[in-house]
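Thanks for coming. I'll go through one structure today, element by element, and keep it short.

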Amino acid sequence: MAYSAEISRDNPSCFLFLIDQSTSMEEDIAAGDGTQQKATGVSDTMNRWLQELSIKCAKSEGVRDYYHVGVIGYGKKVGPCFDGEFVGQDMVPISQIADNPARLEERSKKVPDGAGGLMDQNIRFPVWFDPTADGGTPMCRAASEAERILNDWLTAHPDCYPPIVIHITDGEATDGDPTERIRQLTNMSSSDGNVMLFNIHLSANPNATPISFPDSADDLPDDYSKMLFETASPLSPTMRALAKEHGFSPSESARAFVLNADMVLLVQAIDIGTRPANLR
Amino acid sequence: MWIRTEAFHAPKRGNAESEYEDAFFPESGIAREVSTFRCAVADGASESAFSGLWARLLVRGFGRGRMRLARLRKLWQRAVGNGGGGADTGKQLPWYLEKKVLNGAHAALVGLSLRDGNGAVRPADPAPAGNGTDRVVGSLGGSWRAVAVGDSCVFHVRADELVAVGPVGKSEQFNNSPFLLASKSPQFIRRSDEYVSLVAGSWQPGDTFFLASDAISHWLLAEHEAGRPPWSMLRALGPETFRLFVEKLRTAGVLHNDDSTLMRVEVA
C-alpha cells in the first residue's frame with residue numbers, strides 16, 4: 001500500500017519548500033484583523049513550522065532525524081535559502097536545523113502554573129528566516145532545481161515515505177511556462193508512492209474568496225491558477241482527514257491546491273501537507 | 001502465596017537500548033512467599049520527551065504503593081528540569097526541549113495487585129517486604145485486581161485458557177490514540193474515572209498473569225482470537241528467546257515495531 005512506509009532515522013523522509021521571493025511578495029495580504037506583507041507571512045510561517053517539526057522530533061537526548069528539510073527560494077536568485085551553518089545545502093537534517101537557528105528571540109508566553117492558573121514564562125523562539133522580496137519569478141528554474149534535489153534524495157532513499165513539496169507563490173512565472181517542469185516533480189517516486197506537491201497561491205486581492213482543496217478547475221479565475229491546480233497532487237486519505245480536522249470538506253478527488261490563501265489558511269494548508277505520520 | 005516473576009523487553013528495531021521507553025516493576029525477577037504483591041508495566045509515548053522517565057516513575061509508584069500522581073509529577077518535573085538526568089547539573093535544556101516539556105510526557109499503565117486468600121485487595125496495599133525463598137505449598141488461591149489507563153494489558157491465564165483480559169478486550173480495539181497518563185495535566189485527577197479501567201477476579205494456584213505493553217498485547221489477543229493460544233510458549237520464554245521471538249514476529253509483519261515488554265507472574 002502506498003504512503004505507508006515507516007519514517008525512522010534509518011529511513012527518513014523529506015520536505016522541500018519552494019518559496020517565491022519575487023518583488024511582489026512585498027505586497028500586503030489579510031492577516032487576522034489587519035494586513036501583513038506576504039513575504040513576512042511566509043517567513044513567520046516557515047519559522048513556526050520548523051519550530052513545530054523540531055519539537056515533534058525532539059526526544060530527551062536531542063532531535064531525531066526523521067526528516068530532512070530543503071528550502072529553495074526563487075526571486076533575484078534561485079537556490080537553497082538557509083543561512084549560516086547550512087548555506088548552500090540542498091537538504092538539511094532536522095536535528096541540525098533545530099540546533100542552529102539564525103537567532104533565538106526571547107518571548108513571553110502564558111503557561112499553566114500547575115495549580116489551575118496561568119503564569120508568564122520567557123520562552124526562546126528560534127528564527128531561521130527573515131522576509132525576502134526581490135527580483136522576478138523564475139519558477140521554471142526553481143522547478144528544475146527541485147527536480148535535481150528530489151532526484152538526489154530518492155536515489156539515496158529509494159524506499160522512503162514519499163517527499164512532500166510545498167510550493168508557495170504569488171505570481172506568474174517570468175522565465176517561461178513551468179507546467180511540464182512542475183508536473184515532472186510528481187512523476188518522481190519512491191517505492192512507497194509518488195512525490196506529493198502542494199501548490200499554495202497567495203493573492204493580494206482583498207475581494208478574493210479563498211478556495212481550498214477544490215476538485216475541479218471550473219471556478220478558478222485564470223490559466224495560471226488552473227495550471228497550479230492541475231499540477232497539484234490529489235489529497236491522500238490521511239490529508240483529507242487532516243483537512244476535515246481543520247474544518248474543510250474536501251471531496252475524494254480534491255487536490256492539494258489553495259488559492260488566495262491568507263495567513264491562517266497558509267498555516268493550515270502547510271499543516272495538512274506536512275503533519276508527521278508513521279514516525280518510529 | 002508463592003510468586004515468581006520475570007520481565008522481558010526489547011526496544012524498537014532501530015533504537016538503542018537507552019532509547020527504550022517502556023518500564024516494568026519489579027525490575028528484577030523475584031521468587032518468594034508473600035501475602036500481597038504488586039507489579040506494573042508502563043509504555044512511554046513515542047511522541048513525548050522524557051516519557052521513559054515518566055513510565056519508570058509510574059511503575060515504581062504503583063509497585064511501591066505510592067501512586068499519588070501529584071507527587072510523581074513533581075518528581076518528573078524536578079528530573080526534567082535538570083535535563084532528565086536526575087542530578088542538579090544546572091544545565092539549560094535546548095529550546096526545543098524547553099518547549100516540549102511544557103506539554104509533559106505521556107504513558108499507558110497497567111498495574112496488578114494480588115492478594116493471598118479471598119479478601120479484597122486494597123488500593124494502597126504496600127509492596128511486599130518479605131524476602132523468603134521457601135515455597136509454601138497449599139495456598140487456596142486469592143483475589144486479584146488490575147488498574148489500567150491506556151492500552152497496556154493484563155492477561156489472566158489458567159492452564160491454556162484465557163480467564164480474563166483488560167483493559168482492551170479485542171485486538172481490533174487497538175488504535176494509535178489511547179488515553180494516557182500525563183505528567184503535566186492537573187485536570188486528570190478530577191476527570192480520571194472514565195479513563196481508568198478496573199479488572200478483577202480470583203486466582204487459583206498454578207495460574208499465570210501476563211502484563212504487556214500494546215504491541216505484544218495486540219499480538220497476544222490476535223493469536224487468542226485466531227485459536228492459537230500462545231500461553232504455553234510464553235511460560236517457556238527466557239530473556240534471549242524473548243528477543244529472538246520478538247524479532248521473528250516483527251520480520252513476519254505480525255508484531256508492530258514498537259518497544260515490547262512482557263511480564264510473567266506465576267502464582268501458587
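**Walking through the two chains**

Let me start at a pairing in chain B: Ala107(B) has Leu181(B), in strand 9 of chain B, as its bridge partner. Before I go further, note that this is a predicted model.

Strand 5 has other partners. With strand 4, residues 36-44 of chain B, strand 5 pairs in the antiparallel sense over nine bridges.

Next, the open sheet in chain B. Six strands pair antiparallel in the order 3-1-12-11-7-8. Its edges are strand 3, residues 31-33, and strand 8, residues 161-166, each pairing on one side only. On average, neighbouring strands of this sheet are turned by 20° against each other, ignoring direction. Within the sheet, strand 7 (153-158) and strand 11 (208-212) of chain B run antiparallel and are joined by five bridges; Phe155(B) is bridged to Phe210(B) in strand 11.

Helix 4 of chain B, residues 214-225, packs on this sheet and touches strand 7, strand 8, strand 11 and strand 12 (260-267). The direction of helix 4 makes about 65° with that of strand 12. Helix 6, residues 239-251 of chain B, lies across strand 1 (2-10) and strand 12, and runs at about 45° to strand 1.

Now a helix pair in chain B. Helix 1, residues 51-63, and helix 2, residues 69-81, have axes that come within 10 Å and cross at roughly 145°. The crossing of these two helices is right-handed. From helix 1 of chain B the contact takes Leu53(B), Trp54(B), Leu57(B), Leu58(B) and Gly61(B), and these meet Leu72(B), Leu75(B), Trp76(B) and Ala79(B) of helix 2. By class, that contact has eight nonpolar residues, one polar and no charged ones.

Then some backbone geometry worth checking by eye. Most residues other than glycine have a negative phi, and most peptide bonds are trans. Here are some exceptions.

- Phe25(B) and Pro26(B) are joined by a cis peptide bond, with omega about 5°; Pro26(B) is in the loop between strand 2 (22-25) and strand 3 of chain B.
- Gly166(B) and Pro167(B) are also joined by a cis peptide bond, omega about 5°, and Pro167(B) sits in the loop between strand 8 and strand 9 of chain B.
- Phe50(B), not a glycine, has a positive phi of about 60°. Its place is the loop between strand 4 and helix 1 of chain B, and it counts as buried because 24 other C-beta atoms lie within 10 Å.
- Phe213(A) has a positive phi of about 50°, and is not a glycine either. Phe213(A) is in the loop between strand 15 (211-212) and helix 5 (223-231) of chain A, and is buried, with 23 other C-beta atoms within 10 Å.

That brings me to chain A. Chain A has seven helices and 16 strands. Its radius of gyration is 18 Å, close to the 19 Å from the globule rule for 280 residues, so chain A is as compact as a globular protein of that length. The C-alpha trace of chain A spans about 55 × 45 × 40 Å along its principal axes, and 47% of the 280 residues count as buried.

Last, where the chains meet. The contact takes 20 residues from chain A and 15 residues from chain B. On the chain A side, the elements giving two or more residues are helix 1 (38-56), strand 4 (58-59), strand 9 (103-112) and strand 10 (118-127). Strand 10 of chain A gives the largest share, three residues. By class, the chain A side divides into nine nonpolar, five polar and six charged residues.

That's what I have.

Notes
Residues numbered from 1 in each chain as written. Chains lettered and ligands numbered in written order. Predicted model: local features only at pLDDT ≥ 70, side-chain atom pairs only at ≥ 80, totals over all residues. Axes fitted to C-alpha atoms, helices over the stretch in contact; angles between N-to-C directions. Helix = DSSP H or I, 4+ residues; strand = E, 2+ residues; numbered from the N terminus. Left-handed = near helix turned anticlockwise from the far one by under 90°. Contact = placed C-beta atoms within 7 Å. Nonpolar A, V, L, I, M, F, W, Y, C, P; charged D, E, K, R; others polar. Pairing = 2+ DSSP bridges. Rg over C-alpha atoms; globule rule 2.2 N^0.38 Å. Buried ≥ 20, exposed ≤ 12 C-beta atoms within 10 Å, placed from the backbone.
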